[in-house]
Structures are given as C-alpha cells and as structure tokens.
Amino acid sequence: MKKFVVETYYTCTFKTVHALDELNDSELSKIDSRTDGEVEVIEVKLNNRKTKKTGEKSKKEILNKESKIKPIIQNISNTISNKPKVNTEPNIKNKTYIKTRFKMPDRRKGYIQKVSIGEHKVYLHTGEYNDGRIGEIFIDTNKEGELVKSLMNNFAIAISLGLQYGVPLDEFVDAFIDTKFEPSGKVDGNDRILSATSILDYVFRELAISYLGKEELAHTPSIASNVSISNDQTDDKFLKIVKNIASKGFVRSNYEEKLVDLSDIRINLKSKN
C-alpha cells in the first residue's frame, strides 16, 4: 500500500468588530487603520482546488512541517483570545422607570371646567389624589362626531395612565401647549384663559395654571396676591381641614386668599315676634 503526502490549503474567514461613536463617513474611513477591534473566526474550510499531491516524503519532513504550522495556529488562537472585548452596544443613559401604577382612590377630589372654544363646548374633568396631585383627566365635547369623541376619550385615558405611572405633568404640558387645530379661537367660561389654538392647548394650559402654578401661561393676572402659602408646620387646624377636602385645582392652591374667617360673626336667629 502506497503512502502519499498531500499539501492541503485552508480558507479562514475572520471578522473584526469596531465600536463607532458616530455613524458618518469620517469614522468609516478610519476603520481600516484601527487596531482596537474584536477579531472573531467565522469559518475555516478546506480549499480542495489548491490541495495537491506532493509525492512521497519522509516522516521527518512531515513532522518538521507540522512543527512549523502548529506554532502559527497557536499564535493566531492566542491573539484572538487575548483581544479585549469591545462593547458594541450604544451608550444609553440610565433611566429609572416606574413600573408601579398608583391607582386613584375610589372617592376623589377634582373639578369640572366648562368652556366654549369657538362654538364648541368642552368639559374638562379632573381627578386628584388625597395629597392634591392630579391623577386623571376626562375630556368631553358636544359638537364632535363619534370618531373625534372616541379619540379624545382614549387620549384622556392615555394621559391618565401616564400620570398614574409617574410621568410628570410638566412633560405633557411641554408636549401639547401651542398645538394648532380646529376648533380654536376665543375661549368663554375661563377667567384665566381667553384664547386657545386647539382643545389640547386649552386643556394643558388650564392644568398648568391650576396644578403647576405656571402663571406665564395665563392671559389674565391672578386675582389672588402673591403671598406664599404657609407650610403644614404653621398652618392652623382650620386650613389643614380645608386642604384635605378642597380640590387643589379648583382653588388653584390659593387657600389662604380664598378663605373667609367667619368665626367671630354671631348671627341672631331669634324672631322679631
């Protein structure tokens, strides 16, 4: 039985992974010169076209050839394993998401504001937590079709769920203030807002004034004076009771200015007869 020595060729496929801060032409042009990539072996296969018989060779020559090839393969594997791994995932800022929904109490405070925008009547309903924070809204209209009414109702539900999951009211105000679509124009029925570019512009302008105290969004000055509301440590018992039962949005946080002390008034209920 004859023994033949065959010279074999292998085709190795590698890939190099680079992390880019920005995806543009200047960064792509520098890829070939970069040496910080992560090298990975994709495939190693025999190349049959280049494989050929070289004739009979002694075992000593075969062993010498294998001894030359093994260090090369070992160096390649060591180089691949020692390459530092590069994090190819995009840099995303750590954000904290609130996964717990703070449901509204069964009996809740709030108010209903009726206005007319153009010739369209809009009813804004609000619901509050026990501490006065807004937790839900409802928007009703009278001259809109079923499609628009359904969209407004579901939009209000989406906003309510966002508020109950911890989305700040500021974010909604910044997103929907100054949106423009019909109905728009003069606003009748609100003492602080005289015109609106859309229903959403009116709704979130009203909520910003009532719950965030953003007086710069109002068209008329506040009737109440700019006296800071006292904290719970200096509030008297009567003021604390009023804060617990009154809607923060309805009184627009001006508890002290809207209260009238009648404790010193005496009423004579005796008849003249």
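Visitor: Where does Asp-178 lie?

Guide: In this predicted model, Asp-178 belongs to the loop between helix 4 and strand 6. Its phi is positive, about 70°, although Asp-178 is not a glycine.

Visitor: Why is Asp-178 called partly exposed?

Guide: The relative accessible area of Asp-178 is 48%. Buried requires a value under 20% and exposed a value over 50%, with partly exposed in between; therefore, at 48%, Asp-178 is partly exposed.

Visitor: What joins Glu-182 and Pro-183?

Guide: A cis peptide bond joins them, with omega at about 0°. Pro-183 is placed in the loop between helix 4 (169–176) and strand 6.

Visitor: What makes strand 3 and strand 6 a pair?

Guide: Pairing requires at least two bridges between the strands. Ile-117 has Val-187 of strand 6 as its bridge partner.

Visitor: How do you know that strand 6 and strand 7 pair?

Guide: Strand 6 and strand 7 (residues 195–196) have two bridges in the antiparallel sense, and the criterion is at least two, so they pair. The bridge partner of Gly-185 in strand 7 is Ala-196. The hairpin of strand 6 and strand 7 has six residues between the strands, and there Gly-189 takes a positive phi near 110°.

Visitor: Why is Gln-164 called buried?

Guide: Gln-164 has a relative accessible area of 5%. The cut-off for buried is under 20%, so Gln-164 qualifies. This residue lies in helix 3 (residues 146–164). Leaving aside residues up to four places away in sequence, Gln-164 touches several residues, among them Thr-100, Phe-102, Met-104, Tyr-129 and Glu-136.

Visitor: How do you know that the span of helix 5 is close to the expected one?

Guide: Helix 5 (residues 199–211) has 13 residues, for which 18 Å is expected at 1.5 Å a residue. From its first C-alpha to its last, helix 5 reaches 18 Å, close to that expectation. Just after helix 5, Gly-213 takes a positive phi of about 70°.

Notes
Residues numbered from 1 in each chain as written. Predicted model: local features only at pLDDT ≥ 70, side-chain atom pairs only at ≥ 80, totals over all residues. Heavy atoms only, no water. Helix = DSSP H or I, 4+ residues; strand = E, 2+ residues; numbered from the N terminus. Buried < 20%, exposed > 50% of the residue type's maximum accessible area, 1.4 Å probe, protein only. Contact = heavy atoms within 4.5 Å. Expected span 1.5 Å × (residues − 1).
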